[in-house]
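Here is a short briefing for a first look. Keep the sequence and the model side by side as you read.

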Amino acid sequence: MSGQQVLVVEDDRVINDQVTERLRAEGYVVTQAFDGPSAVALALESEPAVVLLDVMLPGFDGHEVCRRIQAERPVPVLMLTARDDEADILVGLGVGADDYLTKPFRMREVVARVAALLRRVDRAAELAATTDRSPLVQGALSVDPGRRRTTIGDAEVHLTPTEFDLLVCLAREPGQVLTRERLLADVWGWGEATLSGVATRTVDSHVKALRAKLGAGWIRTVHGVGYALEVPTC
């Protein structure tokens, strides 16, 4: 991962400098921003491989920054939030964030999450080039990995990159219950070093956002285990 460009957006200079120093020590090329407008400008200028983005920022907040960045060029975004509030998390995921960390966090976990996001991008590109790209069809649901397009009947379902990858993972094994750990490994590229209670809640939050877009009945929850894609019975 050495040499990859990372943009750190955090208005608290102490936190920004600490994260930046640690990532540079790991071999990343880091650019810093301290407010919303400069974050968007630097994202367009430097074209980072991944963005670490605080929610609360001067100018405009991290959700708006994420929305504007993703509109120009899809890029993995790790949201940094001071509140472990599900509504805030779902808003962030809805505008294109891939993951989130709640403050205070350990620098070791930041490094692990950044590495996992970059692995996920590389793996998605490899899968797109080497696997069967024919649409995955379950009832009225069609998931097209080649075109990265999802439809239910004649209606297109607009998904974030992570939501789409999660749906593809479930659609490749319809009816099978996939554990949170399996989804974290296949979609996010996380190993044992990055698994935690926060990590598994990441899966739950993305599934909730995906379920809201697909509608009721498509994703079955097996409490304490994981999730399965099924055709609604009604």
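Start where two strands meet: strand 10 and strand 12 (residues 226-229) run antiparallel and are joined by two bridges. The model is predicted.

- Three strands form an open sheet in the order 10-12-11, and their pairing is antiparallel.
- Strand 10 (178-179) and strand 11 (219-222) are the edge strands, each pairing on one side only.
- Strands of a sheet pair through backbone hydrogen bonds, either parallel or antiparallel.
- Opposite Thr-179 stands Gly-226, a residue of strand 12.
- Helix 6 (residues 161-171) packs on this sheet and touches strand 10, strand 11 and strand 12. Its direction makes about 75° with that of strand 12.

**Helix 6**
- How many residues of helix 6 are buried? The count is 10 of its 11 residues, so the helix is mostly covered.
- Among the buried residues are Thr-162, Glu-163 and Asp-165, along with Phe-164, Leu-167 and Leu-170.
- Leu-170 is in contact with Leu-178, Leu-183, Ile-219, Tyr-227, Ala-228 and Leu-229, leaving aside neighbours within four places in sequence.

**Nonpolar cores**
- In soluble globular proteins, nonpolar side chains tend to be buried together.
- The largest nonpolar core here has 27 residues. Those with the most contacts inside it are Val-143, Leu-167, Leu-170, Leu-183, Leu-214, Ile-219 and Leu-229.
- Two or more residues each come from strand 7 (141-144), helix 6, helix 7 (180-188), helix 8 (197-214) and strand 12.
- Helix 6 gives the most to this core, with seven residues.
- A second, separate core has 23 residues, including Leu-7, Val-65, Val-77 and Val-95.

**Thr-31**
- Thr-31 lies in strand 2 (residues 29-33).
- Is Thr-31 buried or exposed? Thr-31 counts as buried because its relative accessibility is 18%, and the cut-off for buried is under 20%.
- The side chains of Thr-31 and Gln-5 are joined by a polar contact of 2.6 Å.
- Val-8 is 23 residues from Thr-31 in sequence, yet their C-alpha atoms are 6.2 Å apart.
- Beyond its neighbours within four places in sequence, Thr-31 also has contacts that include Val-6, Leu-7, Leu-42 and Ser-46.

**Cysteines**
- A disulfide is a covalent bond between the sulfur atoms of two cysteines.
- A search of the whole structure finds zero disulfides.
- Cys-66 counts as buried, at 0% relative accessibility.
- Cys-169 also counts as buried, at 11%.

Definitions and conventions
Residues numbered from 1 in each chain as written. Predicted model: local features only at pLDDT ≥ 70, side-chain atom pairs only at ≥ 80, totals over all residues. Heavy atoms only, no water. Pairing = 2+ DSSP bridges. Helix = DSSP H or I, 4+ residues; strand = E, 2+ residues; numbered from the N terminus. Contact = heavy atoms within 4.5 Å. Axes fitted to C-alpha atoms, helices over the stretch in contact; angles between N-to-C directions. Buried < 20%, exposed > 50% of the residue type's maximum accessible area, 1.4 Å probe, protein only. Polar contact = N/O pair within 3.5 Å; in protein donor to acceptor, adjacent residues only side chain to side chain. Disulfide = S-S within 2.5 Å. Core = buried A, V, L, I, M, F, W, Y, C linked by side-chain atoms within 4.5 Å.
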